[in-house]
Every structure is written in structure tokens, then in C-alpha cells.
Amino acid sequence: MNAAAHAGARFPSALIDRIRLADGREVVVRPVLAIDAEAEQAFVRGLSLESRRKRFHLPIRELSPTLLRQLTDVDHVGHVAIVAEALASDDAPTIVADARYVNENGETHFAIAVADAWQGIGLGRALMQRLLRYAARHGIARMVADVITDNTAMTRLAASFGGRLSMSPHGAGLTRAHLELAGG
């Protein structure tokens with residue numbers, strides 16, 4: 001692959017967007033970059049304990065250096081990740097949501113986290129729409145997520161996209177959401 005083609009594969013500019021949410025706030029959606037490590041860590045630290053538990057299945061306080069690197073140093077091919085940044089006139093952009101999918105062991109797993117103050121206004125849905133559309137355009141036919149059973153917001157979101165729910169192969173307390181992608 002030549003340098004120009006490689007650069008295009010490494011940064012999916014098709015995922016850059018600006019969204020106005022139901023409450024009037026705006027975010028910029030863009031692919032995550034390795035230089036976002038500090039902002040990603042701040043995002044995770046800012047989540048409530050309950051939101052961190054639902055996203056990571058553990059009540060973590062912050063990301064370990066290894067996990068932080070895994071979440072920010074992505075290839076945008078087998079691991080596609082986007083963030084939503086809030087734009088305030090007096091502050092630097094702040095990550096308020098993260099959505100991603102990762103191909104591993106023959107399956108494509110997806111995950112979404114939304115900052116507590118940004119939940120319930122359509123941000124998770126908007127990110128999911130973009131992630132699913134991008135995945136389908138890149139040949140992914142199905143995606144799965146293992147969701148803590150009491151995470152009704154995530155199971156409802158998956159179901160609203162036609163997701164089928166079943167018992168997770170990873171144990172009690174987890175529900176597996178299966179999504180079939182159109183055009184994948």
C-alpha cells in the first residue's frame with residue numbers, strides 16, 4: 001500500500017461529523033488518536049462509578065496504562081474508535097462519549113460509553129448509527145456486545161437497531177447483543 005492509501009486507511013475522515021443534540025448542545029465526532037490518551041483518561045475518570053462498571057464490567061477508577069494505550073492507539077481497520085467532543089467557547093474540547101468496534105477471534109465487538117451529563121439526549125444513538133454505517137461499508141456483517149444485564153440503556157439501544165439479545169457465553173450477569181448489519 002502506498003503512503004497516501006495507508007494514511008487514508010489509518011484515519012477514517014468519513015467518521016468526522018458535527019451533531020446537534022436534542023437539548024441543543026453540539027458535539028464534534030471524530031476518530032480517536034493516540035494523542036487523545038490524556039483526554040480519554042479524563043473522560044473515564046469523569047464517568048460515575050456506575051457508568052464505568054457498565055462500560056468496563058468492573059468498577060474501575062481509571063484506565064491502566066496498557067488499557068489506555070489499547071483504547072487510543074488504534075489502527076482504524078480492525079479497531080475503529082470515535083469520540084464525541086463537546087465544544088465550549090472558553091474551554092478546550094472535552095471528550096463526552098466514546099464508541100468503538102474491535103475485530104477479535106472472528107467476532108466484531110462494539111462498545112459505547114457516554115458521560116453521565118450527556119446521557120439520555122441521543123448521543124449514544126448518534127454514535128451507534130455512525131459506527132454501524134461505517135462497519136457495514138467496510139464489510140462487517142455482524143457485531144456483538146457483552147452487556148451487564150442491568151444495563152437497560154445499552155440493551156434497549158441494541159434492540160432499537162434490530163439487535164437480538166441472548167445469554168452471553170462469558171457468564172451469568174451478562175447479556176449478549178447481536179446486531180446484523182445491512183450491506184455487511
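## Helices, core and pocket of a predicted model

In helix 6 the buried residues are Met154, Thr155, Leu157 and Ala158. Viewed along the axis of helix 6, these residues fall within an arc of 160 degrees, so they line one face of the helix. The structure described here is a predicted model. The buried residues of helix 6 are covered by elements that include strand 5, helix 5, strand 6, strand 7 (164-167) and strand 8 (174-180). After helix 6 comes glycine 162, whose phi is positive, near 85 degrees.

Helix 4 can be described in like terms. Its buried residues are Leu68, Leu71 and Thr72. Seen down the axis of helix 4, they fall within an arc of 85 degrees, so they line one face of the helix. An α-helix has 3.6 residues a turn, so residues three or four places apart point the same way. The two helices are set out below.

| Helix 6 | Met154, Thr155, Leu157, Ala158 | 160 degrees |

The partners against which the buried residues of helix 4 pack are helix 2 (37-46), helix 3, strand 3 (79-86) and strand 4.

The largest nonpolar core holds 52 residues, and those touching the most other members are Val27, Tyr101, Phe110, Trp118 and Leu123. Helix 5 supplies the largest share of this core, with 9 residues. In soluble globular proteins, nonpolar side chains tend to be buried together. Setting aside residues up to four places away in sequence, phenylalanine 110 touches Arg100, Tyr101, Met128, Met143, Val144, Ala145, Met154, Ala177 and Leu179. Among these contacts of phenylalanine 110 is Met154, one of the buried residues of helix 6.

Phe110 also belongs to the lining of the largest pocket, where it is one of the residues nearest the centre, together with Lys54, Arg55, Ala111 and Ile112. This pocket has a volume of about 1,100 Å³. Two or more lining residues come from each of helix 3 (49-56), helix 4 (65-72), strand 4 (94-104), strand 5 (107-114), helix 5 (123-137), strand 6 (142-148) and helix 6 (152-160). The 39 lining residues divide into 17 nonpolar, 13 polar and 9 charged.

Glycine 173 lies in the loop between strand 7 and strand 8. This glycine is partly exposed, with a relative accessible area of 43%. Apart from neighbours within four places in sequence, glycine 173 is in contact with Val147, Ile148 and Thr149. The C-alpha atoms of glycine 173 and threonine 149 are separated by 5.4 Å, although the two are 24 residues apart along the chain.

Key. Residues numbered from 1 in each chain as written. Predicted model: local features only at pLDDT ≥ 70, side-chain atom pairs only at ≥ 80, totals over all residues. Heavy atoms only, no water. 1 Å grid on protein atoms, 1.4 Å probe; cavity = no way out; pocket = protein on both sides within 12 Å on 5 of 7 lines; lining within 4 Å. Points joined across faces, edges and corners; volume = space filled by probe spheres on them. Helix = DSSP H or I, 4+ residues; strand = E, 2+ residues; numbered from the N terminus. Nonpolar A, V, L, I, M, F, W, Y, C, P; charged D, E, K, R; others polar. Core = buried A, V, L, I, M, F, W, Y, C linked by side-chain atoms within 4.5 Å. Buried < 20%, exposed > 50% of the residue type's maximum accessible area, 1.4 Å probe, protein only. Contact = heavy atoms within 4.5 Å. Arc of directions from axis to C-beta.
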